[in-house]
Amino acid sequence: MPQDFSRQNLRGRSFKGQDLTGANFSGADIRGTDFCGAQLRGANFSHVQAGLQYKWIIGLILISWLMSGISGFFSAYAGYSISFIFYNPYSYDFYTGFFSLILLTVFWLITFYRGILIGLGTATFAFAGSVSLAVGFFFTGDRDTAFIGAFIGTAVVAGALSIIVIAVAFSLALTVTNITKASIITIAGVISVIVAGVLPLISVGIIAATSATIVAIAGALLSSYIGWRALKGDKKDAWVRSFTIAFAAQMCTSFRDADLTDTNLTNASLKNTDFRNATLTRTLFQKAKLLNNVRPGKTYLYDPKVCEVLVSGQGQEKKFDRQNLRGVNFKEANLQDTSFIGTDLSEANLQDADLSRAKLVQTQLDGTDLTGTTLTGATIEDWGITNHTKLHGVKCEYVFMRLIQKNDLDPNPQRKPDNWEEVFGNGEFGDFIKPIFDTLDLYHSQGIDPRAIAISFKRLAENNPEADLRIVGMEVRGEDKFLLRAKTAIAADKSQLSAEYFATYNQLKAVAEQEIKALIAEKDGRIADLQNMVVTALQRPSFYSNVEQVGFMTNNPGGFSVGGSVGGNVNNVQGDNNRAVQGDNNQAVLGDGNQVTQYNQVGADIKESLTKEDIVKLLAELETLIQGAELPSRTKEEVIEDLSAAKKATDKEEPNKQRALERLGTVAETLEKTSKGVEAGHKIWTTAKPILVKVATWLGAAASSNLLGL
C-alpha cells in the first residue's frame, strides 16, 4: 500500500534511494528534503512546499550582503582613481583620473549591451595593456608614467570586479527569498554605497568619497539590472543565473537522479529545487510556482519557454525546434501554431492538447499519447509516429503533408483530404495515417553521401536482425534532400534505430574516401548494390517507379519512389503524381494525377519514360547486382555473360533488340531456376525480375511476361 505523508513536516528528512512509488506527499513541507535516487513513480507532490529552509535562506542573504560590502570596497578604489580628474589638469593625477573614467565607462557600456563576461574580457585587455606600458616606462626611468599606467589598470579591474560581485549578490538574494525585489536591491545597494563612500572619506577626503559614491551608485544600478535580466533567462549573462541557482540548491530539496515518472507536482512551490538527472517522463507541473528557479541540469526544465507551457498550459506560436522534450507533459496545453520541427516528443503526454496548425515536421512521437488531441491544419511531413503512438479520439479535419519554405518553388502543401472542400470525418484521420506505423523514415539533407547511406543501412540491418529491415521507398526532395524509407517489424524501436543509423552515417561522412572504398571492398556486394541504387535515384528519379507495400508515401513533383526489392505490388500509395509500375493486384492509389499500370500494359509507358542510355544503365546495374550476389560461381558466370551480351546488343547505334531479348530470356530462365534451390537466388530473382520486365518491354516484347517466364 502506498505510504501517506500528506501535510506532514518533512523538512530536512532523507528518503535517499527509497522506493516511494505512489506515495502521497500532498501539502507536505519538504524544504531541504533529500529524495536523491528515490523511486517516486506516480507519487503525489501537489501543493508541497519545496526549496530552502529558513536558516539557509537567512545565511545566504547575509552572504549576499557581505558580497555587497566587498563590491563597495572595489567601487571605492575605482572612484578614488577617477577623483584625480578634479585635481591640477596639467598633472599626472589628471591623466590618471581621465583615463580611468574613459576605460571604466567603456567597460560599463560593453557590460550593459554584451554581458559581464565580454565586459570583463575588455577590462582584462585594458589591464594587460596598462601594466605592459607601466613596465616599459619603469625600465626607461619614467616612473611617474609607469605608476599612472599601473594605477589605471588596477582601477579598471576593480570597477569590473565591483559589478560582478554585486550582480551575483543581487541574483543570489533574489533567488533565495520572497522579499520584494525593491527591498533586496535597496539593502544590498545601500551597503555597497556606504562602504564605497566611507572608506575614501576616512582615508583621503570628501572629493574621493563623492567620486566613489557616484561610482558605487552607478555600479549598483547596473548590477541590479544585470542580476534581474539574468534571472529572467537572458543569454548574455546566463552564467550568473546558473551560478546562483546552483549555489543556493546545495541545501535545498533534491530530486537528483530520482524517478518522477507520472508524478504530480501541481501547485507545488519549487524554488531552488534540484532536478539534475531526474527522470521527468509525463511529470505534471501545472500551476507549479517558481519552476524557472529550479536547478534543471540537462532535463527539459532548462528552457524557460518549456517551463512556462508546463505551468500555464499556454504555448501558442512558440518555437521548440530540434529540442529534446522526451517525456514532457503538455496535457491540455494550447499549442496552436507552435513549431516542433525535428523535436523529440517521444513518450510525451499531449492528451487533449490543441495542436492546430502546429509544425510536426520530422517530430519523433514514439509512445506519445495524442488521445483527444486536435491536429486540424497541422503539418506532419515525415513525422515519426509508431504503433506505440496513441491516436485514439484525435480531432482532425485536415492536415498538410509538406512544409512550405521561403522561396519554395513548389507552393503545394499537399493537403489531405486532397479536395479543399472536404474534411476528415469522425475517426477517419486514424484510418488515413495508420499505414505509416511500420516504416522507418531516414531523412537526409545537406550533402548526401550514397556510400555512407549504403554502409550505414547495411550495418543497421546486421546489428538489428529482429527489426526485419526492408527498404520500401526512396524519395528525392529538391536538390539536397533524400528520404530512405524501410519497413520494420511491429515491435521495432524506430527512434533507437534512427539514432543508431545516423550515428553511423555522420561518422562515415567524415571518413576519408579511400577508407570508405576499402570498407566497401571487404563487405559483400549488397553495399555496392544499394549505393548504386541511391546514386541512380539521385541522378534519374524516373528509374524507380515501383513501391512495394509502402503504407504511406508522398511524391513531390520531380520525386520518385522505389520498391524494397525494386519490385513487388503497390498497396495504399498516397500522394500526388505517383506512378506505380509492375506487379499484380495494384490497389488504393490515392491523390491527383496518379497512375497504376500492371505489367501487361506497361509497354507504352516504359518506352516514353526510358531512353537507350537508361536501359544500358539498368543492365549494368543488374550486372553489378549479380556480381555481388551469393550465387554458385558457374551460374554467376553464365548470367553475367548473357547480361554483357544483351548490353552490347542494346548499346549500338541501332540496337539489336532480338538478340538482347534472347539473352534476357536465358538470364530470366537461369535466375528463376536458381531461386527455387538457393536462398540467395530467391532474393536476387525478386530484385531482378521487375528490371528484366522493364528492359524487355522497352526492347519491344509485347508479351514480355511469357518471354521471361513470369
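F99 lies in helix α2 (residues 92-114), helices being DSSP runs of H or I with at least four residues and strands runs of E with at least two. F99 is partly exposed at 41% relative accessibility; buried means under 20%, exposed over 50% and partly exposed in between, with a 1.4 Å probe and protein chains only. Together with Y95, F98, I102 and V106, F99 makes a nonpolar surface patch of about 420 Å². Patch residues have over 30% relative accessible area and no salt bridge, nonpolar side chains being joined within 5 Å and like charges within 9 Å.

The model is predicted: local features need pLDDT of at least 70 and side-chain atom pairs pLDDT 80 or more, while totals for chains, interfaces and linings use all residues. Residues are numbered from 1 along each chain, and side-chain values use heavy atoms, without hydrogens and water.

In helix α8 (residues 304-312), V306, C307, V309 and L310 are buried. These buried residues fall within an arc of 165 degrees seen down the axis, so they line one face of the helix. Just after α8, G313 has a positive phi of about 75 degrees.

A salt bridge places a side-chain nitrogen of Lys or Arg within 4 Å of a carboxyl oxygen of Asp or Glu. The count is 17 salt bridges, including these:

| Pair | Closest N to O |
|---|---|
| R485 and D441 | 2.6 Å |
| D642 and R663 | 2.6 Å |

D642 lies in helix α16 (residues 633-650) and R663 in helix α17 (residues 657-675), so their pair ties together parts 21 residues apart in sequence. Both R485 and D441 are buried. R11, D29 and R31 are linked in a network of salt bridges.

Methods:
Areas by Shrake-Rupley, 256 points an atom, 1.4 Å probe, with all protein chains shown as cover. Arc of directions from axis to C-beta.
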